[in-house]
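Visitor: Please show me the structure, and let us then discuss how its parts meet.

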Amino acid sequence: MTPQGVLYAFGSPEPDAQQKALQALLRNEQAVSKSEWGRSNLENANLQQAQERQWVQLMSSAVSGPDTRLSDFIRHVIAPLSGQRQAVLASDSGFCLDRVGVEQDEAEAVSAAAADFSEYAKRQSRRGWQGANRYVSFYDDPHLLLPSWSFVPIWVDGAGYWLAIAGEPLLNSLALVELVWGICLAGNRFAADF
């Protein structure tokens with residue numbers, strides 16, 4: 001998946017069939033091969049459309065997912081997502097999961113703000129406005145040239161996360177794919193086997 005594909009596939013608290021099919025790409029230890037694409041878990045994802053919309057990219061060799069504990073690499077993948085190398089990963093309930101370049105007190109305040117945005121987005125969705133489910137940015141400069149903080153929601157298996165990025169958000173980075181892939185794999189490790 002590309003960063004744009006991750007933002008599309010994991011950007012909704014209630015993913016549609018196509019988003020769920022794309023999410024399946026990050027459920028395994030290895031990237032899905034082109035020959036595996038047509039199997040059952042990807043039946044709702046159109047490969048040609050996904051490529052045209054730049055949600056996926058065909059690679060010439062196999063790609064492996066993050067092979068480390070999530071807690072050991074969160075700060076290494078969230079740092080490059082900020083032009084200032086300052087970011088916080090928070091749960092939608094306001095718990096600070098990790099931070100980089102930000103003091104603990106500020107990280108906790110940002111995490112609490114993420115929980116407030118999460119509740120705000122849920123209220124607006126119930127009222128019929130889906131625009132609040134996307135991104136939130138705050139500016140110190142009245143010219144709105146560069147945000148002070150940007151909040152990006154991500155949902156994995158029904159769990160909400162907020163990526164809070166200080167300064168310029170650099171979301172077109174493979175670090176975003178690694179972060180979400182790591183969260184998916186961490187969830188798989190604790191899933192009950194049936």
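Visitor: How far apart do the C-alpha centres of domain 1 and domain 2 lie?
Guide: This is a predicted model, in which local features need pLDDT of at least 70, side-chain atom pairs count only at pLDDT 80 or more, and totals for chains, interfaces and linings use all residues. Residues are numbered from 1 along each chain as its sequence is written, and side-chain values use heavy atoms, with hydrogens and water left out. The division, with bounds from an automatic or database domain assignment, gives domain 1 (3–53) and domain 2 (70–192). The separation of their C-alpha centres is 21 Å.

Visitor: How many residues does the contact take from each domain?
Guide: Contact means heavy atoms within 4.5 Å. Domain 2 contributes 21 residues, and domain 1 contributes 14.

Visitor: Which residues of domain 1 lose the most area to domain 2?
Guide: Buried area is the accessible area (1.4 Å probe) that two parts lose on being put together, summed over both. Between domain 1 and domain 2 about 1,500 Å² is buried, 62% of it on carbon and sulfur atoms. Together 38% of what the side of domain 1 buries falls to the residues that lose the most area, namely Pro-3, Leu-7 and Arg-27.

Visitor: Which residue forms a salt bridge with Arg-27?
Guide: A salt bridge requires a side-chain nitrogen of Lys or Arg within 4 Å of a carboxyl oxygen of Asp or Glu. The count between domain 1 and domain 2 is 1 salt bridge. With the closest N and O atoms 2.9 Å apart, the partner of Arg-27 is Asp-157.
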